[in-house]
Amino acid sequence: MSEPVKRPTHHPLVEMTIIRLKEFLREPDAVFWVFVFPLLLTVALGFAFREKPPERIPVGIVDGPQAKVRLAMMQKSPALQVRIYSVEAGREELRRGKISLLVEGDGPQPVYRFDPTRPESRTARVEVDDALQKGAGRRDAFKAKETHASEQGSRYIDFLVPGLLGMNIMGTGMWSIGFATVNARLRKLLKRFIATPMRKTHFLFSQFLARLVFLIIEVTVVVVFAWLVFDVEVRGSLWLFAVTCLIGGASFAAIGLLIASRARTLEAVSGLMNVVMMPMWICSGVFFSYERFPDAVKPLIRALPLTALTDALRAVMNDAAGIATVGPQLLNLLAWTVVSSIVGLKIFRWQ
């Protein structure tokens, strides 16, 4: 007489969540991209944009009768790094972006050759003209005092860390859900799940729960590292910060589910993921403010989930903002979560 089949002792949702956690931990590549890569990215960009003295602006002078005189004048400026070139070499260095401005002209009146679309070139134009005007005898009517802003929130690293955190939450949330779902479909695992008492919602929400477990670890590691190494603190409520991260993680997990609901190959889901994430990488203010974009497109940019998440994270971390301030961003993320989940469940295909 055959032995009776043992039924699972837990709810199907719990069983599937435990399975997903074990599957994830057995994938070294996934562990690297979720935990190690965000930390390496934070280290690299954090040290690249840490507090340090401003770099000198590289400029060139065309060799000629006035070259040495201009060189002596411009070397007095603490903002300029000056070198003499021939006409051909100087223009080539300018074309390649090695220098920001080239001073030409053999007469007493210099000619500034530069690209006005480059911010550093416009800065070089001001600094070079100031140095040459002073060397020619101009006197300033007054000397202004300087006060350097270095408190948290005014540094670029304070702007960068929340953006990186939001980008990591987006990337790992979408990739982990999308790839896990499509990979299970390719291996015919989803087809086998149809024959079990488990519901579709059990399988899909187990993906969410497993993602949220690793989200807590991922966010904690990045935030603690940024605090210890770069002195970036969470100035606002830790509870509000945690809720913001959880809602953001759920939002991108839902979007990942929606994208993977019908994809049949890893190549297809990979392409769809990149199509969805690329505009947010560029427009959502991860590395620079989206205020640089035209006013006409800003409402569309603010509607993106990554924009809402990074704005909310920056407000809580740097400005100690409360729920009233970040409420619109959280509602935006909740809307993405609900809509993506409903549509994803509706069109989900097991095979």
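Val 221 lies in helix α8, where helices (H or I, at least four residues) and strands (E, at least two) are DSSP runs numbered from the N terminus. With a relative accessibility of 34%, Val 221 counts as partly exposed, a class that falls between buried (under 20% relative accessible area) and exposed (over 50%), using a 1.4 Å probe and protein chains only. The model is predicted, so local features need pLDDT of at least 70 and side-chain atom pairs count only at pLDDT 80 or more, while totals for chains, interfaces and linings use all residues. Residues are numbered from 1 along each chain as its sequence is written, and side-chain values use heavy atoms, with hydrogens and water left out.

**Strand β1 and its partners**
- Strand β1 (residues 57–62) is largely enclosed by the rest of the structure, because 5 of its 6 residues are buried.
- β1 runs parallel to strand β2 (residues 80–85), to which 6 bridges join it, and two strands pair if DSSP finds at least two bridges between them.
- Within this pairing, Val 62 has Tyr 85 of β2 as its bridge partner.
- β1 also pairs in the parallel sense with strand β3 (residues 101–104) over 3 bridges, and Ile 61 stands opposite Val 103 in β3.

**Cysteines**
- A search of the whole structure finds 0 disulfides, a disulfide being a pair of cysteine sulfur atoms within 2.5 Å.
- Cys 245 is buried, with a relative accessible area of 4%, and Cys 283 also counts as buried, at 19% relative accessibility.
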